[in-house]
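Please read it with the sequence and the 3D view open side by side.

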Amino acid sequence: MTDSTHANKTESVIPTPHIEAAKGDFADVVLMPGDPMRAKFIADNFLDDAKLVTAVRGMFGYTGTYKGVSVSVMGSGMGIPSIGIYSYELFNFYDVKKIIRIGTCGAISKDLEIFDIVASMAASYDTSFVKQYNLPGTYSAVASYELLRLADDTAKKLGIKLHVGSTVTCDSFYDEMSQVPSWRKMNVIAVEMEAAGLYMVAAAAEKEALALMTISDKVEGSEGTTSEQREKSLTNMITLALETAIAS
Ligand code: HPA
């Protein structure tokens, strides 16, 4: 990539500065937890024959099989800038077709409990990432209908309760001037830091994306969870994402 904005997709260079995998190392579908150690956990515990395909900056990516179907899992890091880089390179340079984010989020809706699973149908946002697209209006960041429909059907088959709703993607985890009541008024049910960026990158690349998240905390109060509890509670969401991936 020669120009300072890295805008030219046709000059794709593999390996990229951020991913050292070879062409063909990734499956058509990549599951993306925020934490690269969670990617390792999924590769070790849910995939067969998983091979490490990239480890630049410790952002581990693996490809293996789930029920005989090739699936990859790779960390996204935290926030839109991080998932923006990895999802861009996976879609545009590695020919990945679908990305399913599997992360955590904070509950805004009072109807959500810790460890409930949310599918982000639409991701509102408070980020400047969208400015790169030079749009003459506001943009609606939405999930792939196909992946969302499959995830919803799969959740029903597995008996997993899935809350399909609208979420918001923010650039700050520590929200000094809490914006939560305003988002709640608009029936936004949860907050996290990646979905809208992923949806924008997917749309621009004409690819598919879905964000699934477990509730790790309630933003206006009370109990949080430990990283150990979170890891265990992810099993349902991981299974849902893997079953959706192989059905897609
Ligand atoms: N805010 C933003 N991102 C998050 C949260 C939160 O409360 N919980 C998990 N990811």
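1. Arginine 57 is exposed, because its relative accessibility is 73% and exposed means over 50% relative accessible area, buried under 20%, and partly exposed in between (1.4 Å probe, protein chains only). Arginine 57 belongs to the loop between strand 2 and strand 3 (61-66); helices (H or I, at least four residues) and strands (E, at least two) are DSSP runs numbered from the N terminus. Although arginine 57 is not a glycine, its phi is positive, at about 55°.

2. Some words on the basis of these values. The model is predicted, so local features need pLDDT of at least 70 and side-chain atom pairs count only at pLDDT 80 or more, while totals for chains, interfaces and linings use all residues. Residues are numbered from 1 along each chain as its sequence is written, and side-chain values use heavy atoms, with hydrogens and water left out.

3. Aspartate 49 counts as exposed because its relative accessible area is 62%. The peptide bond from isoleucine 14 to proline 15 is cis, with omega near 0°, and proline 15 is placed in the segment before strand 1 (29-32). Most residues other than glycine have a negative phi, and most peptide bonds are trans.

4. Now the protein as a whole. The protein has 6 helices and 10 strands. Of its 248 residues, 51% count as buried. The accessible surface comes to about 11,800 Å², and carbon and sulfur atoms hold 53% of that surface; accessible areas come from the Shrake-Rupley method with a 1.4 Å probe, and for residues only the protein chains shown count as cover. Among contacts (heavy atoms within 4.5 Å) between residues at least 6 apart in sequence, 75% join residues at least 24 apart.

5. A nitrogen atom of the ligand lies 2.8 Å from a side-chain N or O atom of aspartate 217. A backbone N or O atom of glycine 106 is 3.3 Å from a nitrogen atom of the ligand.

6. Strand 8 (residues 162-170) holds histidine 163 and also threonine 167. Histidine 163 is buried because its relative accessibility is 15%. Leaving aside neighbours within four places in sequence, histidine 163 is in contact with Leu112, Asp116, Ile117, Val118, Ala119 and Ile189. Threonine 167 is buried too, since its relative accessible area is 0%. Not counting residues up to four places away in sequence, threonine 167 touches Val118, Ser120, Ala122, Ala123, Ser124, Val188, Ala190 and Met213.

7. Is valine 201 buried or exposed? Valine 201 counts as buried, because its relative accessibility is 3%. Helix 5 (residues 195-204) contains valine 201. From valine 201 to isoleucine 83 there are 118 residues in sequence, while the C-alpha atoms are 9.3 Å apart in space. Beyond neighbours within four places in sequence, valine 201 is in contact with Gly84, Ser87, Tyr88, Phe91, Phe129 and Tyr133.

8. Lysine 97 is placed in the loop between helix 2 (80-92) and strand 5. Lysine 97 is partly exposed, because its relative accessible area is 41%. Lysine 97 and aspartate 28 are 69 residues apart in sequence, and their C-alpha atoms are 5.1 Å apart in space. Apart from neighbours within four places in sequence, lysine 97 is in contact with Asp28, Phe91, Lys207 and Glu208.

Definitions and conventions
Polar contact = N/O pair within 3.5 Å; in protein donor to acceptor, adjacent residues only side chain to side chain.
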